[in-house]
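Here is a short report on a pocket and on charged side-chain pairs. Have the coordinates open as you read.

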Amino acid sequence: MDLATFWFIVLGVLWTGYLVLEGFDFGVGMLLPVLGGKRYASDAVDAEKRRRVLLNTIGPVWDGNEVWVLTAGGATFAAFPHWYATLFSGFYLPLLLILVALILRNLGFEYRHKRPEAQWKARWDQAIFWGSLVPALLWGVALTNIVRGVPIDANKEFTGNLFTLLTPAGLLGGLVFVALFLTHGAIFIALKTDGKIRHEARQIAERVGVVAAVLAVALLLWIGLTDGKLASWVTTVVAAVALLGGLAANRAGREGWAFIGTAVTIAMAVATYFLVLFPNVMPSSTNPAWNLTIDNASSTDYTLKVMTIVALVFTPIVLLYQGWTYWVFRKRLTVKHIPEDAPLETVSH
């Protein structure tokens, strides 16, 4: 295996780590107005406590989870500069929307507790919700379009626009990512909480999971029938079995196994995407001769060698630290762990 192929695999691993970890972050953010809303909360004080429980489940880890996508972007720039240039110039608007949404979401995590007014918190809750939904949707649209192919000319330049990406397959990919992340997030909430929230999250995961399963099977079959290979069919089957197993475990109250099931589902879906891509990194729908491949989009061997040495030294350190973080904050949370706050204000001062 040459170094270019090795770094293609590394990028697949980085995207897998990002979507598995940030996926439940997005799911929790999208469920914030649901599990912390009027349907489940008895009053305004209870609703606020429930929202704080939900946010506390991801509070210690959400920023660490985002490091994976930053690393993936940096690795793409260094290992495959032509891929990076075509991708970030052609997908500039959706990537900008993702960036803005993530910034607003992160601000919501940091600022909602700065003032006691209900209106202040409600606005940041909306930022967290939309900052979770928009990236989940657009990542699905973008990655599905990359796999299916986009218009690229002989100069390795993207010749389409935003509407070029809004294909039926791309939109289906976006819906699949949203549904999978909602299911993944609901199971994570059930795994990290106790009491009413735990059981309500399991019920949501059961309902949304069925929708996610139907959509995911439709998407992976679509991709497989048009561009699939033997290896990608294997990962597709594993993804389907893992999701069904996760939903069964969730129904039985085994949240740990359920979370493993949805994590494996997302990981195998990403593996399917990268296996379908290989040996391309960005297929051209205009002319297959203009595909960006591992060979014509990669950096020099010297650059890849230096990157490999750095990765071998620092990756274990990062993984150990992040694993330690999850271990330290492994216990379940309930509304009883939320201290009494000042009375909620309904009008800003």
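A salt bridge here is a side-chain nitrogen of Lys or Arg within 4 Å of a carboxyl oxygen of Asp or Glu. The model is predicted. By this rule the count comes to 15 salt bridges. Three of them are set out below.

| Pair | N to O distance |
|---|---|
| Glu48 and Arg51 | 3.9 Å |
| Arg112 and Asp125 | 2.7 Å |
| Glu255 and Arg198 | 2.6 Å |

Glu255 lies in helix α10 and Arg198 in helix α8 (residues 196-227), so this pair ties together parts 57 residues apart in sequence. Glu255 counts as buried because its relative accessibility is 3%. Arg198 is also buried, at 17%.

Next, the Arg112 and Asp125 salt bridge, 2.7 Å from N to O. Arg112 sits in the loop between α5 and α6, and Asp125 in helix α6, so the contact ties together parts 13 residues apart in sequence. Both residues, Arg112 and Asp125, are buried.

Glu48 and Arg51 share helix α2 (residues 44-58). They are 3 residues apart, about one turn of the helix. Glu48 is buried at 6% relative accessibility, whereas Arg51 is partly exposed at 21%. A network of salt bridges links Glu48, Arg51, Arg112, Lys121 and Asp125.

The largest pocket has a volume of about 790 Å³. Its lining has 38 residues, and the closest to the centre are Trp15, Val69, Phe88, Leu95 and Trp139. Elements giving two or more residues to this lining include α1 (3-35), α6 (118-148) and α10 (255-277). What is the make-up of the lining: nonpolar, polar or charged? The lining residues divide into 32 nonpolar, 3 polar and 3 charged.

Note on methods
Residues numbered from 1 in each chain as written. Predicted model: local features only at pLDDT ≥ 70, side-chain atom pairs only at ≥ 80, totals over all residues. Heavy atoms only, no water. 1 Å grid on protein atoms, 1.4 Å probe; cavity = no way out; pocket = protein on both sides within 12 Å on 5 of 7 lines; lining within 4 Å. Points joined across faces, edges and corners; volume = space filled by probe spheres on them. Helix = DSSP H or I, 4+ residues; strand = E, 2+ residues; numbered from the N terminus. Nonpolar A, V, L, I, M, F, W, Y, C, P; charged D, E, K, R; others polar. Buried < 20%, exposed > 50% of the residue type's maximum accessible area, 1.4 Å probe, protein only.
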